[in-house]
There are 2 protein chains.
Amino acid sequence: MPFSKMPQITLITIGNELLKGTIVNTNASDAGRMLRESGFSLDRVLTVGDEREAIMGAIRSELITADVVLCCGGLGPTRDDITKHTLAEVFGGELVLHGPTRAYLEDRYARRGRKLEGSNLLQAMVPESCEVVPNPQGTAPGMLFRQDGKFLLSMPGVPFEMRHMVETQLIPLLKANFPPRFFRSRMLRLFGIPESRLADRMETIIPDLPGELKLAYLPGEEGIRLELSVEGDPVEAAKLEQALGNASVILSRHLEDVLYSDENENLEVVISRIFHEKKLSLAIAESLTGGMLTATVVSVSGASDFLKGSVTAYETAVKIDLLGVPKALIEKHTVVSAEVAQSMAEGVRNLLGADIGLATTGLAETGSEKEMPHAWLGYADRFGTDARHETFVFDRKLNIRKASFAALYFCIKNLRTNFV
Amino acid sequence: MPFSKMPQITLITIGNELLKGTIVNTNASDAGRMLRESGFSLDRVLTVGDEREAIMGAIRSELITADVVLCCGGLGPTRDDITKHTLAEVFGGELVLHGPTRAYLEDRYARRGRKLEGSNLLQAMVPESCEVVPNPQGTAPGMLFRQDGKFLLSMPGVPFEMRHMVETQLIPLLKANFPPRFFRSRMLRLFGIPESRLADRMETIIPDLPGELKLAYLPGEEGIRLELSVEGDPVEAAKLEQALGNASVILSRHLEDVLYSDENENLEVVISRIFHEKKLSLAIAESLTGGMLTATVVSVSGASDFLKGSVTAYETAVKIDLLGVPKALIEKHTVVSAEVAQSMAEGVRNLLGADIGLATTGLAETGSEKEMPHAWLGYADRFGTDARHETFVFDRKLNIRKASFAALYFCIKNLRTNFV
């Protein structure tokens, strides 16, 4: 088959909860991402409810234009296996008992001390027109139908079961039947630069970048993710890979002052790596972030190697009594100030006997539209202290997360300067 | 129009990122939920990329079967307003400058100290076949097209702009043209009961419930949400509402031991309300939850009224030195024990001078498959201390969140018993 023929792929996600909005369609984004990383692309996603007519209409119409139709969900006893029955109608044939699936299910139930019976046994029944695709993560098997050179693969709706089937079954099947495009991407992570200013700076960098490169900006709470990608004919793979590598080097150099990872690592992973490498320890004092900064650090496995602990000093008295912030300092500068942030960082560093102290103080929300929510971040190590100011929008929870991420970035900047 | 004629509604979400999986389709779930709460329902969701042919094919085919087609996304200068141009082709007519939108945009830009020019001015151009729908949250206006008694409403893709337009424009428009079904729902929130055990208990309760009631179980990290709903002809509204009220009373009574809210409040909101009502103060000591428990409490506005602060005692030395947990107690019972959890709770209560002390200690992950991650939760007040054990699965981040929620539920149970 020629390279130019990329398969048209449609995903049909089946489930009333998706239409009612009680759950978000993460299966669609997971499948889309996994296909893209393998050189394929999703062309359409269609969501319908758990109803025979809706599912049948969707399958029949999508089979007209798509080369590959993926179905997801509407399987299992609580759904009356609506997708399975509908597929049997579309592709013809009766439901028959599939011996290997029955044996697999019996074994699976036995290991949990249960017997395979009743509605659970029905999961081993499949349309005789299908090839059974094993689902080692769950109970409802996948089903593959072939018609006029087209494929339909029905997958379970449980997210980790679907992801496993996409990776181990769908992608190999696609690669065997449709030569994938070559695709590679790299993600640079930036902090402390607004999207508009990045766009301005990129204007001067873009002329230096290889022509094959595609750029995408993905702004979020952890700064901006800048995706570099190349795709094309597999015979060009070496050239494209080279272009991607060159672009990554050029961009990392130009954006060094705002770059925290050129390998798509999040802030907490970068922090954890630096503390491990430098064999330093950390103590945290939080006010407006109220535990979120520490929780973000702790979310990475191995945090216990370097994190001594933290104090959430929500009440001013706690800042004074426990962290040792001088009362006079608070009276002179107010509790949300560079001076208090630095004193908190130094205070918790001493209290917990850590190499580095990191602190936040600020307002996650304000009583009036006149005062913007804002924060001071404090940093302390054996060389001294540093502070940084951040302003926010009117969204309490978002501001707490943004202040936590800003504190991590501020810490990374100081560590990179002071502990080379 | 007769009640039985519910409009068929399709949502077309437009955007390459949705197909590439770089973002999740929250607009689909938001629109579905908002429509349902207003007595309507979404029948299909279709996602296509930012391409003229794909958008045109989707609009034309959905207009055949749907009464109402909603489009979302593909507007704005960075998308070349692909949706707008395609709609002009489908419904006919040129793009014309819309005076009121131009005036609105000029004012909006002026308030930010900017001039409306270049590509931004193009946002005031709309197909002459449409009625302009104002978007006071953003820059790209909504566009309404009518054809043969059907509607197509094009909405911006920015989530909060779309939600605002659904609420203020779409739902009133639907109500004026299609009599909605009567729909009401209530959400009970339960904790500490597995779904299978709840199903068993429900078997004995269901015969007592009104026949009109529909039940849905939505398990998650904060326990199980049990949705009760009724829907039907508006002439039956009083009867249906009564049935919903009765069912809520019956279920709340039967499930009292595991119920934490009959008004869909999350654990941190319930905790905040109890502390405010009882005029109590809280201090928290965390080990495995590493700040997440405090961050969850702090996420609710007004936490500063009752939260004194918290200590994350990640290192054992911090538990001993700062929280005053006796070293001998740790040596005798190990650091993950009922005794140490209670001592931490009592210790932080004394350290920060609070009415209530709440503590967590445990393993969010273990080195081997033989030992399950688990935690002890500790509670202390002036009447004494209490402890509770929780076991988890092999997922560090999930276990940290689950332990935090379990601690909040444990605290609620103790407060309800000790402070009537």
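The model is predicted, so local features need pLDDT of at least 70 and side-chain atom pairs count only at pLDDT 80 or more, while totals for chains, interfaces and linings use all residues. Residues are numbered from 1 along each chain as its sequence is written, chains are lettered from A and ligands numbered from 1 in the order in which they are written, and side-chain values use heavy atoms, with hydrogens and water left out.

## The two chains

Chain B is superposed on chain A by a rotation of 180 degrees with 0.3 Å of shift along its axis, at an RMSD of 0.3 Å; the superposition is by least squares on the C-alpha atoms of residues with pLDDT of at least 70 in both copies. This is the relation of a two-fold axis. The same surface serves both copies, since 100% of the contact residues of chain B recur in chain A, where contact means heavy atoms within 4.5 Å.

## A four-stranded sheet in chain B

Helices (H or I, at least four residues) and strands (E, at least two) are DSSP runs numbered from the N terminus, and two strands pair if DSSP finds at least two bridges between them. In chain B, four strands form an open sheet in the order S10-S11-S9-S12, with antiparallel pairing. Strand S10 (214–220) and strand S12 (259–261) of chain B stand at the edges with a single partner strand each, so one side of each is left without a neighbour in the sheet. From one strand to the next, the twist averages 35 degrees. Within this sheet, B:Leu188 stands opposite B:Leu226 in S11(B). Helix H8 (residues 237–254) of chain B packs on the sheet and touches S9, S10, S11 and S12 of chain B, its direction making about 5 degrees with that of S9(B); axes are lines fitted to C-alpha atoms, for helices over the stretch in contact, and angles run from 0 to 180 degrees between N-to-C directions.

| Strand | Partner strand | Bridges |
|---|---|---|
| S9(B), residues 182–190 | S11(B), residues 223–232 | nine bridges |
| S16(B), residues 374–381 | S17(B), residues 384–391 | eight bridges |
| S6(B), residues 131–133 | S7(B), residues 142–147 | three bridges |
| S7(B) | S8(B), residues 150–155 | five bridges |

A hairpin joins S16(B) to S17(B) through two residues, and B:His374 stands opposite B:Thr391 in S17(B). S7(B) and S8(B) also form a hairpin, with two residues between them, and B:Asp148 in the turn has a positive phi of about 50 degrees. The bridge partner of B:Gln147 in S8(B) is B:Lys150, whereas B:Glu131 stands opposite B:Leu144 in S7(B).

## Helix packing

In chain B, helix H2 (residues 26–37) and helix H6 (residues 159–177) pack at an angle of about 30 degrees, with their axes 10 Å apart. That makes H2(B) roughly parallel to H6(B), a term for angles under 35 degrees. The residues of their contact divide into nine nonpolar, two polar and three charged; Ala, Val, Leu, Ile, Met, Phe, Trp, Tyr, Cys and Pro count as nonpolar, Asp, Glu, Lys and Arg as charged, and the others, Gly among them, as polar.

In chain A, the axes of helix H7 (residues 195–205) and helix H8 (residues 237–254) come within 11 Å and cross at roughly 125 degrees. The contact is made by A:Arg201, A:Met202 and A:Ile205 of H7(A) and A:Ile250, A:Leu251 and A:His254 of H8(A). These residues divide into four nonpolar, one polar and one charged.

Conventions. Angles under 35 degrees count as roughly parallel, over 145 as roughly antiparallel, 65 to 115 as roughly perpendicular and the rest as oblique.
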